[in-house]
Amino acid sequence: MSRPQPTSTELNSTSEIDQFLNQIALRNPGEPEFLQAVHEVAQDVVPFIADKPIYQEMRILERMAEPDRVVSFRVTWQADNGEVHINRGFRVQSNNAIGPYKGGLRFHPSVNQGILKFLAFEQTFKNSLTGLPLGGGKGGADFDPKGRSDAEIMRFCQAFMSELVHYIGPDCDVPAGDIGVGGREIGYLFGQYKRLTKQFQGILTGKGPSFGGSLMRPEATGYGVAYMVNNMLTHKKDAIEGKICCVSGSGNVATFCVQKINSFGGKVVTLSDSGGFIHDPDGIDADRLAWVMDLKNNRRGRIEEYAKEFKCEFITGARPWQVPCDIAFPCATQNELNQADAEHLANNGCKVVAEGANMPTTPKAVEVLLSRGIALAPSKAANAGGVAVSGLEMSQNSQRYAWDSTEIDEKLQRIMAGIHEQCVTYGEPRGTEVNYAKGANIAGFVKVADAMVAQGIC
Ligand code: NDP
């Protein structure tokens, strides 16, 4: 059977998308992840605005693809053995049309300007989807925390904040954690901010509960991913209960995602880190998960140790996508699920992929998943629970008040349900089939675009 030919409107959109992306590529050389993120949005948004001249005249998408500002700074710190080290720190402030810049800090040797621009761009759409007044930003440093002592981490965080302090503020830019930045690092960063400014302000989220942190913030991203999948399956009159799930990563997002999948009655059979993945066909139950959390948060060990402890397989240097599953949850990092992985998942009968990490699925893999009828929850929607509870942390800080876990969990569930609804509205539903990526891109765009139009040319 011959393939259907594209219509003339589709052809026009394609050439407009290409023209737009060529300009972006020329302006942002050497930043493949940023181009990938912009491409992924443009392919849905360019056709959507084709009959909406105001967004074109005001060049909204072009403006969104150029961050408000990017700052980079030197971070000099001293190791325990007296050696002096130099790292590069960044803050990318992408868009503040609907609220102060908001987005995490990543400490990882792979961090560079392009990766942070991609994350800040994505964050703008994600934050818009939450329905909260949050703009988009992201930051971090090419610092590798692995193997560093607590004292070294503290000195690095203090040096990093000594520069970052100039660019953030409770009504300007409120960073949070991301890869390599958890509760310990946020504590040290907050301490240094306070020391430098004498102000006790909500300038970071993910703080400890004793100094202005929100309950449920550590859980929020992982729980939110599971809530998103629960909403998607409920929409199809199905459920997580009884489903086999593959999760990658073993950090904050992955572990709390496993916890919520377990509470929905799913069975998680994999976890990973940069060394490889474990396959536990018996399932990672509450006790085993508690062991992993202690391993990662306190003993700072490697996931390989799980295989020794619980007598299961560890596959060195590989990702878990060849293991048969009903639902896949990539929760480690960008581009960790490629075309071949997507084909394995589809051949093994996987029905849903939910992106806990930011942009973990490569563009070719997305094509495979969609063409094979697998529902894909894009990171903008699926992992928005973290920033949503960060937004709630900011509200609590402003009120000088704290909600209890039940109240926050209810609000989180309501926000995730709202995100699901927006995806359905804009995601061209055909029966119960929804293009969630398209829905998230367009819904996220519209709110920011309308605010930018209202605020004039700036
Ligand atoms: P953590 O640092 O807690 O954990 C990251 C996990 O991913 C670790 O298991 C790590 O293994 C693994 N990992 C990191 N880089 C790689 C790599 N290049 N290859 C293989 N494995 C890797 O981070 P989070 O759980 O906070 O973040 C995970 C993802 O979720 C990121 O994409 C982040 O942007 C996204 N996210 C996080 C949010 C949050 O609230 N924390 C909110 C929204 C999105 P190892 O220890 O070996 O490096």
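## A covered helix and a mixed sheet

Helix α17 is mostly covered, with 15 of its 19 residues buried. Keep in mind as you look around that this is a predicted model.

Let's stay with α17 for a moment. The helix spans residues 436–454 and reaches 27 Å from its first C-alpha to its last, close to the 27 Å expected at 1.5 Å a residue. At its start, a side-chain oxygen of asparagine 435 comes to within 3.3 Å of the backbone nitrogen of alanine 437. After the helix comes glycine 456, which has a positive phi, near 80°.

Now to the sheet. It is open and mixed in its pairing, and its 5 strands follow the order β1-β2-β4-β3-β5. β1 (69–78) and β5 (173–176) each have a single partner strand, so these two stand at the edges with one side left without a neighbour in the sheet. On average, neighbouring strands are turned by 20° against each other, direction ignored.

What joins β3 to β5? The link consists of 4 bridges, and the two strands run parallel. Within this pair, tyrosine 101 stands opposite aspartate 173 of β5; β3 itself covers residues 101–107.

| Helix | Residues | Lies across | Angle |
|---|---|---|---|
| α5 | residues 113–129 | β1, β2 (84–95), β3 and β4 (136–141) | about 150° to β4 |
| α6 | residues 150–164 | β1, β2, β3, β4 and β5 | about 145° to β1 |

Definitions and conventions
Residues numbered from 1 in each chain as written. Predicted model: local features only at pLDDT ≥ 70, side-chain atom pairs only at ≥ 80, totals over all residues. Heavy atoms only, no water. Pairing = 2+ DSSP bridges. Axes fitted to C-alpha atoms, helices over the stretch in contact; angles between N-to-C directions. Contact = heavy atoms within 4.5 Å. Expected span 1.5 Å × (residues − 1). Buried < 20%, exposed > 50% of the residue type's maximum accessible area, 1.4 Å probe, protein only. Polar contact = N/O pair within 3.5 Å; in protein donor to acceptor, adjacent residues only side chain to side chain.
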